[in-house]
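Here's a quick briefing to read alongside the model. Have the sequence and the 3D view open as you go.

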Amino acid sequence: MTVFNRSWRRPGALVTVAAAGALGVGLFAAPAVAHTPAWAVTCSEVSVDLVNYTADAENTVTLSVDGKELLATEKFGGEFHKKIELPEHDKELTLHLVVKDGSGNDGSLDDTKTAPVCEGSEPEPTPSTTPPSDEPEPTPTEAEPEPSKTTAAAAVPSSQPSPAGDDLAETGSSSATPLIAGAAAVILVAGAGITWAARKRRAVGN
């Protein structure tokens, strides 16, 4: 019975040692593969999920879009979860995520993804090359009326000399006055002659 028991004890001990070794290997290997850096990109947002990191290590995460910082370098412990809205865009955006595992295990990540354009988004209008005028255009009611021809003629002095020249102002007489006086004298003389002739005929008849 003693020999039989000893023969069974040796294989049992070997099995126990092997099982303990396998368990120890599994425990030491688990932290190296447990880090899960994951992130997803849509047309409007980015979601970052980092789990199973060493809590007391100095882990960091940084996110940029088209070379511009979208998420500043941020420290985290065992886990990190965040959703970030993307700016409006009419063309694809290039996103760059950098995760550094402070424990030195295989949890670091340096990856790039592209955010598509959301359906229904309209492109930004091109700015006009003509600079806007600071002065508003006058309305039809604000436009000044055109001056009348009479007013315009009166406002503009004539460059031609006046017909009178340097003569004095008219006193009521004109250059035709001597002619009228001469004609009146002729009429008077003719009337006197006719009267004299009529009287003479009467005297001869008597």
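Start with D49, which stands opposite H81, a residue of β5. The strands β2 and β5 run antiparallel and are joined by six bridges. Strands here are DSSP runs of E with at least two residues, numbered from the N terminus, and two strands count as paired if DSSP finds at least two bridges between them.

Some housekeeping: this is a predicted model, where local features need pLDDT of at least 70 and side-chain atom pairs count only at pLDDT 80 or more, while totals for chains, interfaces and linings use all residues. Residues are numbered from 1 along each chain as its sequence is written, and side-chain values use heavy atoms, with hydrogens and water left out.

**The sheet**

- β1, β2 and β5 make an open sheet of three strands, in the order β1-β2-β5 and with antiparallel pairing.
- The edges belong to β1 (36-41) and β5 (80-85); each has a single partner strand, so one side of each is left without a neighbour in the sheet.
- From one strand to the next, the twist averages 5 degrees, taking axes as lines fitted to C-alpha atoms and angles from 0 to 180 degrees between N-to-C directions.

**Aromatic cluster**

- Y53, F76 and F80 form one aromatic cluster.
- How many aromatic pairs are there? The count comes to two, where rings of Phe, Tyr and Trp (its six-membered ring) pair if their centres lie within 6.5 Å, and planes under 30 degrees apart are stacked, over 60 edge-to-face and the rest tilted.
- Y53 and F76 make an edge-to-face pair, at 5.3 Å centre to centre and with 80 degrees between the planes.
- Y53 sits in the loop between β2 and β3 while F76 belongs to strand β4, so this pair ties together parts that are 23 residues apart in sequence.
- Y53 and F76 are both buried, and buried means under 20% relative accessible area, with exposed over 50% and partly exposed in between (1.4 Å probe, protein chains only).
- The F76 and F80 ring centres are 5.6 Å apart with planes at 50 degrees, so that pair is tilted.
- F76 and F80 are both buried as well.

**Salt bridges**

- Side chains of opposite charge can pair when their charged atoms come close.
- The structure has two salt bridges, each being a side-chain nitrogen of Lys or Arg within 4 Å of a carboxyl oxygen of Asp or Glu.
- One of them joins the side chains of E58 and K75, at 3.3 Å from N to O.
- With E58 in the loop between β2 and β3 and K75 in strand β4, the pair ties together parts that are 17 residues apart in sequence.
- Buried or exposed, for E58 and K75? Both residues are exposed.
- K82 forms a salt bridge with E74, and their closest N and O atoms are 3.5 Å apart.
- K82 counts as partly exposed because its relative accessibility is 33%.
- E74 counts as partly exposed too, at 27% relative accessibility.

- H89 is in the loop between β5 and β6.
- H89 has a relative accessible area of 14%, so this residue is buried.
- Which backbone oxygens does the H89 side chain reach? One belongs to C43, at 3.4 Å, and another to P116, at 2.9 Å.
- Those are polar contacts, meaning pairs of N or O atoms within 3.5 Å; within protein, one must be able to donate a hydrogen and the other to accept it, and residues adjacent in sequence count only if both atoms are side-chain atoms.

**Loop residues to look at**

- N52 has a phi near 60 degrees, a positive value in a residue other than glycine.
- You'll find N52 in the loop between β2 (45-51) and β3 (59-65), and its 43% relative accessibility makes N52 partly exposed.
- D66 also has a positive phi, near 50 degrees, and is a residue other than glycine.
- The loop between β3 and β4 (68-76) holds D66, which is partly exposed, with a relative accessible area of 43%.
- D106 is in the loop between β6 (93-100) and β7 (109-115), and with a relative accessible area of 64% D106 is exposed.
- D106 and P37 are 69 residues apart in sequence, yet 10.0 Å apart in space, C-alpha to C-alpha.

Key: Helices (H or I, at least four residues) and strands (E, at least two) are DSSP runs, numbered from the N terminus.
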